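I opened a notebook to keep track of what I looked up. The entries below follow the order of my reading.

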Amino acid sequence: MATWLRNLIGPAHAGRYVLAGAALVLAVSAPAAAQPAQASGCETCHQDHPLPALSAPARAFGQTDVHRERGFTCVDCHGGNPNETDKVRAKAPATGFKGKPSGQAVIAVCTRCHSDATLMRKYAPKQRVDQGAEYATSVHGQQLAKGDTKVATCISCHGAHGVRLVSDAKSPVYPVNVAATCTQCHADPEHMKGYKLPDGSPLPTDQRAKYEKSVHYAAMTARNDLSAPTCNDCHGNHGAAPPGVGAVTNVCGTCHGVFATKFALSTHSQIFDKGCVECHSNHEIVKPTDALLGTGQSSLCVTCHSDGDNGFKAAATMRAEIEKLKAAIDRSHALVATAENAGMAMDEQTLALREAGNHLTLARTEMHAFEPKAVTTVLEAGLGITAKVDAEGQAALDEVSFRKTGLAVSLGVILLVVVALALKIRSLKTGD
Amino acid sequence: MTQQVFAWLDERLDLSGLRAFVADKTVPKHRHSVWYYMGGITLFLVGVQVATGILLLLYYRPSAGEAYESVQFIVSQVQFGWLIRNLHSWSANLLILMAFVHLFSTFFLRAYRKPRELTWITGVLLLFIMMGFGFSGYLLPWNELAFFATKVGTGIAGAVPLVGDFLVRFLRGGDDVTGATLTRFYGIHVAILPLITTVLLAMHLLFIQRQGMSVPPSVEKREKAGEKIPQEPFFPNYVLHDVMWWYVALAVLAALSLFLPWELGKKADAFASVPAGIRPEWYFLAMFQTLKLIPSHVLGFEGEMLGVLGFSAAAGLLLVMPFLDRHAADGRPSKVITAAGILAVIYLVVFTIYGYLAA
């Protein structure tokens, strides 16, 4: 297998991939022909090597490794001759022995296969083969090209030995593990020393701490929502880089499409340098509340707008209208609950109130265009629903009242009849 | 005018004979007489069930796709539909309660003794039929709780030796509880059981009229000793008593229907997970709880099978009780049977409460 692969790829072929991507991931199962590799001569010596640095990789590769499971061996990355029992002859230059690749060599080794569409098609036909090209555009790749060897390469995120599929929950790049993997470096002040933001300020190392306070992290960890964003969903993975101030709205809009569309129509889209981040922050995105809108103390609008200007008035109007519908929905809910507790069937009204709630959500979405008229139109439709529910709820309570009156009258009549019967029975006994 | 109509009918139907029978008919009067009215109340509740059931039929649609919605429509849209549905549900439960009270009062007063064995047998069969009404009617609103309870209930029939699988398929109209089960239960509830009830009830009432009211053995002993037992005219005295109790039952029904309306719950969904607190109607709860407590295997036999056989045997014994307590007719009722009856009442009450608390 190893000979076949070397013949297919060859050293000259590998040289074409100077800056190549990181992914060692095989997302689909290997062809039936691919069998796990048997332990090679390399592992025979390395697994029991007294130096941990030399034994640990062999042991890790001997356990769970996606490459080994598909028939790859040590020589496919490291070169050498596994059939040679003598250590010197096994690593002779003629064997193509590369030793431990580092920096650009890692990229070259990995992309030798992972950028080869013909080869990858045999193992994972759906998998992309542009990781190397993407990596070259990343901050990591660009820094590496400049000779900075501290930056992440393929093995920094995926591991070198014991590599697992992305879909494997134990993989360091499984969604819930990504933040921890990235922040191995990015939360280490010592490691990040010297790296700066475009404005010249030091690159912060508190992103993970902030992210863990965010609504996205809560969705990922508390609700087990693996589609919730983590580092790579906004920054990219192989092409990892800050989105750039002009692109923030596009990045957020990949999930929050309607909000991004509304925002793009607004005046603010022309003014806000950082788009969504201006109000919602970036890593520490907490659950937004209506308090962010309006002219109150918690409002973000008053950061820029002051009493009297159009923005101030618009913020006040939109907030007031939203509060009006919220109050109406609460009132209607209370009325429906009272009627339900009295035994009335209020399923349709409960459903209608859910629809009114949808209008509230729509208004909160519409608000991102910062156009009070559009917001008011949506909210008025919601108020129409609550008015109808209120009327039906009141009618239900009137019906309850009617039933109770009816029961009281009926019971009164029944009681009279029972008393009359009892008297009649007594009169019969006494023979009157 | 009334006399003219009566005369016209009398000429053709000999109503004078019937009037004379009613006028001459008397009912014994003693300190246990109050128990006589339990049968009358049960009969009244049967009437309520028939009347409200017919009204519900006007709107109810017996299919898995429409049953739940039709009941929802009845309680929310139909004028007084809520009242009819609640009366039907509450009356069904009170009916079975009163049937049990009637059964045990008859049992302890030994009213089943010779010559009233057939009255007892038709009465016990009627109780079983009423429970069948309850079981089949419970599924008809096609809500989640009834759906899963019926699944469990019909599944228990599978424990019957030899014919268990056939019984389950027969009850369900297939391997599982589906729309076919609903249609089948509907047919049983509105056609088959009413037909059997009509025949049995007619026999039961005919036997009572033919043989007159039984008196307890203690009263009979006094009578044999020469004491004259007071009698009261069936009409109007006894009938007025009966009617008075019916009015009381009607008042209770109306109050329950308004203050404790019967919940409809969620629509049945075969793919939904089984909701918590699945349990049958209260009159099956003691049996259900017992089956839950029996170990899965007892002396090499399936526990559930033994339970079902045990209940079947108890039902059989109840049915032939007049023939087991043969000396009751001679004024020497069996003390063992009295003790068994007391134990049965205690068992039913305790296990029903236990079933509620355990759920």
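These entries go from the chains to single residues.

**Entry 1: kind of model and chain A.** I note at the start that this is a predicted model. I looked up the secondary structure of chain A and found 23 helices and zero strands. Chain A has 432 residues, and buried residues make up 31% of them. I then took the contacts in chain A between residues at least 6 apart in sequence; 63% of these join residues at least 24 apart.

**Entry 2: a helix pair in chain A.** I picked helix H21 (residues 310–341) and helix H22 (residues 347–366) of chain A, whose axes come within 10 Å and cross at roughly 165°. Angles over 145 degrees count as roughly antiparallel, so H21(A) is roughly antiparallel to H22(A). I logged the crossing of H21(A) and H22(A) as left-handed. On the H21(A) side I listed the contact residues, among them A:Ile322, A:Leu325, A:Ile329 and A:Val336. On the H22(A) side the contact includes A:Leu353, A:Ala356, A:Gly357 and A:Leu360. Sorted by class, the contact of H21(A) with H22(A) has eight nonpolar, six polar and one charged residues.

**Entry 3: nonpolar cores.** I asked which residues have the most contacts inside the largest nonpolar core. They are B:Ile41, B:Leu45, B:Leu95, B:Trp142 and B:Leu253, in a core of 88 residues. Helix H5 (residues 81–108) of chain B gives the largest share of this core, 13 residues.

**Entry 4: where the chains meet.** I looked up the contact between the chains and found 17 residues of chain B against 15 residues of chain A. On the chain B side, the elements giving two or more residues are helix H4 (67–76) and helix H11 (234–259). H11(B) supplies the largest share of that side, 13 residues. By class, the side of chain B that touches chain A has 13 nonpolar, four polar and no charged residues.

**Entry 5: B:Val78.** I found B:Val78 in the loop between H4 and H5 of chain B. B:Val78 counts as partly exposed because it has 17 C-beta neighbours inside 10 Å, and a buried residue needs 20 or more. Not counting residues up to four places away in sequence, B:Val78 touches B:Tyr59 and B:Phe73. B:Val78 and B:Tyr59 are 19 residues apart along the chain, and I noted 8.7 Å between their C-alpha atoms.

**Entry 6: cis peptide bonds.** I logged the bond from B:Lys114 to B:Pro115 as cis, with omega near 15°. B:Pro115 lies in the loop between H5 and helix H6 (117–139) of chain B. The bond from B:Phe235 to B:Pro236 is also cis, with omega near 5°. I placed B:Pro236 in helix H11 of chain B.

**Entry 7: positive phi.** B:Asp14 is not a glycine, yet I read a positive phi of about 55° for it. B:Asp14 sits in the loop between helix H1 (2–13) and helix H2 (15–24) of chain B. Is B:Asp14 buried or exposed? B:Asp14 counts as exposed, with 10 C-beta neighbours inside 10 Å. B:Leu299, likewise not a glycine, has a positive phi of about 50°. I found B:Leu299 in the loop between strand S3 (297–298) and strand S4 (301–302) of chain B. B:Leu299 is exposed, with 7 other C-beta atoms within 10 Å.

Terms used: Residues numbered from 1 in each chain as written. Chains lettered and ligands numbered in written order. Predicted model: local features only at pLDDT ≥ 70, side-chain atom pairs only at ≥ 80, totals over all residues. Axes fitted to C-alpha atoms, helices over the stretch in contact; angles between N-to-C directions. Helix = DSSP H or I, 4+ residues; strand = E, 2+ residues; numbered from the N terminus. Parallel < 35°, antiparallel > 145°, perpendicular 65-115°, else oblique. Left-handed = near helix turned anticlockwise from the far one by under 90°. Contact = placed C-beta atoms within 7 Å. Nonpolar A, V, L, I, M, F, W, Y, C, P; charged D, E, K, R; others polar. Core = buried A, V, L, I, M, F, W, Y, C linked by C-beta atoms within 7 Å. Buried ≥ 20, exposed ≤ 12 C-beta atoms within 10 Å, placed from the backbone.
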